[in-house]
Amino acid sequence: MTNGDKWTAVGPATVGFETKTGTFTTGARISGRETGLAAACEQSGSGVHGTGKGEAKPGVLGSSTSNNGVGVKGEAHVGPTAFGVWGSSNSGLAGFFEGNVRVTGSFEVEGNKSLALRMDDGTHRILYAVEAPESWFEDLGFGELVDGHARVTLDPEFVAVTEDAPYHVFLTEYGAPSGLYVTDRSAAGFTVRSAAGSDTSGEFSYRVAALRRGPQPERFAVRPALSTPGPVG
């Protein structure tokens with residue numbers, strides 16, 4: 001090794017720096033004012049290669065003790081199929097998050113989107129998300145016919161996040177059928193009337209489906225399967 005403004009390991013050698021296994025509790029402790037460790041691979045390979053042994057022992061552990069810090073950050077900005085973070089597992093989970101997760105871009109999966117719901121007996125049951133070729137928002141509620149009609153006012157917050165366009169209304173009446181139908185549909189709400197006349201009363205429920213406000217994704221858009229980066233060594 002030589003030193004000047006920095007230490008440099010001069011080769012040729014298979015390993016530039018190595019500590020003996022079992023000799024040290026920590027093989028190397030490196031700190032710097034801006035970067036503790038800068039590692040780069042000059043050919044095809046990994047900048048940092050970590051291997052963990054033991055149950056739940058990570059190959060690479062990142063943590064931050066600063067306010068609003070980041071434990072691990074991955075970036076990849078070159079190429080349409082670049083991966084900022086890539087996880088793979090043939091037997092367990094490719095990723096596990098203990099806490100809230102937020103995605104600021106689009107979220108796509110090639111498998112199922114499901115909720116693991118905890119039951120009273122302690123087991124978890126899987127419920128699956130309803131899918132559609134377009135981006136829809138839905139709202140549900142109950143109404144009551146008085147003198148054969150009822151005015152339903154849409155939630156202003158629901159109106160604010162949906163397109164100002166015709167929306168769908170699905171009705172279910174409870175009791176003797178009276179031929180419910182929708183009139184006077186507007187951005188603010190709609191009227192439910194009974195074909196049986198003004199003497200009709202009773203409870204009903206409704207389900208409203210409206211397009212999400214903003215640019216709509218392409219209907220049944222074609223997405224090529226992403227190729228994985230392959231084994232990392």
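Predicted model: local features only at pLDDT ≥ 70, side-chain atom pairs only at ≥ 80, totals over all residues.
A residue counts as exposed when its relative accessible area is over 50%, as buried when that area is under 20%, and as partly exposed in between.

The strands considered here belong to an open sheet of three strands, arranged in the order S5-S10-S7 and paired in the antiparallel sense. Strand S5, spanning residues 136-145, and strand S7, spanning residues 168-174, form the edges of the sheet, each of them pairing on one side only. On average, and with direction ignored, neighbouring strands of this sheet are turned by 20° against each other. The antiparallel pairing of S5 with strand S10, which covers residues 202-211, extends over ten bridges, and phenylalanine 137 is placed opposite alanine 210 of S10.

Three aromatic pairs are found when the whole structure is searched. In one of them, formed by phenylalanine 142 and tyrosine 174, the ring centres are 6.4 Å apart and the planes meet at 40°, so the pair is classed as tilted. Because phenylalanine 142 belongs to strand S5 and tyrosine 174 to strand S7, this pair ties together parts that are 32 residues apart in sequence. With a relative accessible area of 61%, phenylalanine 142 is exposed, whereas tyrosine 174, at 43% relative accessibility, counts as partly exposed.

A further tilted pair is made by tyrosine 167 and phenylalanine 190, whose ring centres lie 6.5 Å apart and whose planes stand at 55°. Tyrosine 167 is located in the loop between helix H1 (156-160) and S7, while phenylalanine 190 is located in strand S9 (residues 189-194), so that this pair ties together parts that are 23 residues apart in sequence. Tyrosine 167 and phenylalanine 190 are both buried, and together with Tyr206 these residues form one aromatic cluster.

Technical notes: Residues numbered from 1 in each chain as written. Heavy atoms only, no water. Pairing = 2+ DSSP bridges. Helix = DSSP H or I, 4+ residues; strand = E, 2+ residues; numbered from the N terminus. Axes fitted to C-alpha atoms, helices over the stretch in contact; angles between N-to-C directions. Phe/Tyr/Trp six-rings, centres within 6.5 Å; stacked < 30°, edge-to-face > 60°. Buried < 20%, exposed > 50% of the residue type's maximum accessible area, 1.4 Å probe, protein only.
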